[in-house]
Amino acid sequence: MAQDIVFDIGGMHFRSGLVDENGRVSAQVAFESPGDPDELVEHIRRVVDSFSVSTVNPAVGIAIGGLVTKDGLVTAGAINMVGYPLIQRLALRHPAVVLNDARAAALAEAHFNPRLSGRSSFLLLTVSAGIGGGVVIGGELYEGHHNIAGEVGHLIIDRGQDCYCRLGHRGCLDALASGRALNHRMRKLWREGHWTHLEEVATLKDLPQLLADGDGMALRLVAEAGKWIGEGMMQTVRVFDPCEVVFKGYLITALWEYLHPHISAVIRAYGYDLPLSRSALGEHVGLIGAGLAAQRLRAQLAPAAGSAP
């Protein structure tokens with residue numbers, strides 16, 4: 001069975017592997033994401049060269065956090081990209097496609113989540129270093145005119161908050177409730193005298209233990225984040241009326257039991273009864289979505305290849 005070379009690149013983790021046509025992932029490798037675009041390009045090239053030995057005519061699918069336009073330009077704050085021509089810089093010998101990581105995850109859920117596959121309309125939210133989204137309508141990923149549909153993270157939630165995302169938006173969901181935002185607030189609170197029992201500056205990695213200890217300030221931070229996530233989610237839900245909202249990402253994995261009640265409270269305040277769930281495909285969901293995008297690219301190129309003299 002054909003396999004494609006795939007990547008899932010976020011602000012926190014760089015994952016790579018092989019995916020077959022049934023969504024099975026193999027040879028997965030994960031490590032901390034590089035912060036420099038040129039370093040990222042070199043990582044991808046090395047992985048592609050390594051996997052090319054064991055695959056036959058693969059395509060390359062790259063899911064990455066940030067804005068990805070139709071012509072493949074990437075703006076990813078976590079990796080210091082602004083209008084970066086990733087596919088062009090890679091110059092791979094295999095056909096390659098790049099798409100937003102949240103939309104890759106939505107594509108995977110639409111195909112391989114047994115509860116949602118078929119004709120379902122749902123919203124997928126990724127809550128990790130940044131916040132993004134993917135919209136599926138009638139079983140198909142909706143990409144929008146400019147290929148950036150579902151950018152829930154840049155909805156303005158509270159302009160009164162003195163916080164900015166890496167694109168310069170004040171009070172957007174990403175600036176308020178992303179992993180980067182929580183990490184920044186924790187460091188600030190530590191410098192102001194909170195969590196003095198911690199020997200080093202408080203960061204996001206300390207949050208799960210603080211919550212488990214019942215720390216009041218940590219509980220307040222997560223309550224606020226959950227409220228803001230709920231508000232951003234509901235702004236999108238009211239536009240296209242999905243049957244469910246699916247969540248993924250580091251903060252969901254680590255903090256779901258604390259975030260979920262506050263997100264649910266916002267839904268009830270709006271008078272909605274809307275199921276919330278975590279990704280059925282786990283940490284592989286972005287790789288599987290990148291694999292689906294690679295398969296589509298191979299299918300598009302196949303007729304042209306077959307008609308060549």
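Analyst: Let's begin with the buried residues of helix 3, which are Asp101, Ala102, Arg103, Ala104, Ala105, Ala106, Leu107, Ala108, Glu109 and Ala110. Please keep in mind that this is a predicted model. Since 10 of the 12 residues of helix 3 are buried, the helix is largely enclosed by the rest of the structure. At the start of helix 3, Asn100 reaches in with a side-chain oxygen, which comes to within 2.8 Å of the backbone nitrogen of Ala102.

Follow the chain onward and you come to the loop between helix 3 (101-112) and strand 9 (122-127), where Ser120 is found. Is Ser120 buried or exposed? Its relative accessibility is 16%, so Ser120 counts as buried; the cut-off for that is under 20%. The side chain of Ser120 reaches the backbone oxygen of Leu116 at 3.3 Å. Leaving aside residues up to four places away in sequence, Ser120 touches Arg115, Val136, Ile137, Gly138, Gly139 and Cys243.

Next comes strand 9. Six of its six residues are buried, so strand 9 is largely enclosed by the rest of the structure. Both of its faces are covered: Phe122, Leu124 and Thr126 are buried on one side, and Leu123, Leu125 and Val127 are buried on the other.

What does strand 9 pair with? One partner is strand 10, with which strand 9 pairs in the antiparallel sense over six bridges. A hairpin of three residues joins the two strands. Within this pairing, Phe122 has Val136 of strand 10 as its bridge partner, while Leu123 has Val135. Val136 has already come up as one of the residues that Ser120 touches. Strand 9 is also joined to strand 12, here by five bridges, and these two strands run parallel. In that pairing, Leu125 stands opposite Phe247 of strand 12.

Now for strand 10 (residues 131-137) itself. Six of its seven residues are buried, so strand 10 too is largely enclosed by the rest of the structure. Three bridges join strand 10 to strand 11 (residues 140-142), and the two run antiparallel. Val136 takes part here as well, with Leu141 as its bridge partner in strand 11. The hairpin of strand 10 and strand 11 has two residues between the strands, and in it Gly138 takes a positive phi near 60 degrees. Gly138, too, is among the residues touched by Ser120.

Not counting residues up to four places away in sequence, Leu123 touches Gly134, Val135, Val152, Met233, Thr236, Val237, Phe240, Pro242, Glu244, Val245 and Val246. In soluble globular proteins, nonpolar side chains tend to be buried together. Here, the largest nonpolar core has 46 residues, and those touching the most other members are Leu123, Trp195, Leu207, Met233, Val245 and Phe247. The elements that give two or more residues to this core include strand 9, strand 10, helix 7 (216-240) and strand 12 (244-248). Helix 7 gives the most, with 11 residues. Apart from this core lies another, of 23 residues, among them Phe7, Leu18, Val74 and Ala76.

In helix 1, the 16 residues should span 22 Å at 1.5 Å a residue, which agrees with its end C-alpha atoms being 22 Å apart. Its buried residues are Pro37, Leu40, Val41, His43, Ile44, Val47, Val48, Phe51 and Ser52. They cover an arc of only 160 degrees around the axis, which puts them on the same side of helix 1. Among what covers these buried residues are strand 1 (3-9), strand 2 (13-20), strand 3 (25-32) and helix 2 (86-90). At the start of helix 1, a side-chain oxygen of Asp36 reaches to within 3.1 Å of the backbone nitrogen of Asp38.

Conventions
Residues are numbered from 1 along each chain as its sequence is written. This is a predicted model: local features need pLDDT of at least 70, side-chain atom pairs count only at pLDDT 80 or more; totals for chains, interfaces and linings use all residues. Side-chain values use heavy atoms; hydrogens and water are left out. Helices (H or I, at least four residues) and strands (E, at least two) are DSSP runs, numbered from the N terminus. Buried means under 20% relative accessible area, exposed over 50%, partly exposed in between (1.4 Å probe, protein chains only). A polar contact is a pair of N or O atoms within 3.5 Å; within protein, one must be able to donate a hydrogen and the other to accept it, and residues adjacent in sequence count only if both atoms are side-chain atoms. Contact means heavy atoms within 4.5 Å. Two strands pair if DSSP finds at least two bridges between them. A nonpolar core is a set of buried Ala, Val, Leu, Ile, Met, Phe, Trp, Tyr and Cys residues joined through side-chain atoms within 4.5 Å. The expected span of a helix is 1.5 Å times one less than its number of residues. The arc is that of the directions from the helix axis to the C-beta atoms.
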